[in-house]
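Let's take a walk through this fold, strand by strand and then over to a helix. Have a look at the model first.

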Amino acid sequence: MSLNPKHQWLAVHASGHTLAVGTEDAAFWQGRPDTVICGPETMGDKDHFDTVVLGEVLQLVDDPQALLRQAIKLIIVVPNEHSWDAQFQPFKNAKHKRVYDTEALAQELDKAGRKYRIEDVSYQGWSFLCASC
């Protein structure tokens, strides 16, 4: 299977027993036997996970700080709509409660007291901010 740059980034950074929260990359995660897929509303599972991946979820929830404080190792992917091609209609998704750029995501992670590294992963007119904490 050929991976796009976002999935390559996720494959390198997500390790161990993983909880993948969100549906954008469900097909990618289904091939991993050590991964549980759920939506943000069921994230409070009692199981222990080495890594929690918030796959295009942070911009959708009311309280991002609550999610950021729930895991020891956290992988975050959010759309970087500031760098999208116009054909993908950036800033038009009414479900998004906030839009992140690198500075805004860094501020969110600083507020949660997380140490992090943020990378911008772009391909075919799409752009995503990927953070490992």
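Start with β5 and strand β6 (residues 126-132), which pair in the antiparallel sense over seven bridges. Two strands count as paired here if DSSP finds at least two bridges between them, and helices (H or I, at least four residues) and strands (E, at least two) are DSSP runs, numbered from the N terminus. Within this pair, E119 stands opposite C130 in β6.

A word on provenance: this is a predicted model, where local features need pLDDT of at least 70, side-chain atom pairs count only at pLDDT 80 or more, and totals for chains, interfaces and linings use all residues. Residues are numbered from 1 along each chain as its sequence is written, and side-chain values use heavy atoms, with hydrogens and water left out.

Now zoom out. The open sheet has six strands in the order β2-β1-β3-β4-β6-β5, with mixed pairing. At its edges sit β2 (35-38) and β5 (117-123), each pairing on one side only. Neighbouring strands are turned by 15° against each other on average, direction ignored; axes are lines fitted to C-alpha atoms, for helices over the stretch in contact, and angles run from 0 to 180 degrees between N-to-C directions.

Next, the helix. Helix α1 (residues 5-13) lies across β3 (51-55), β4 (74-79), β5 and β6, running at about 150° to β5. Contact means heavy atoms within 4.5 Å.

Leaving aside residues up to four places away in sequence, H7 touches D25 and F28.
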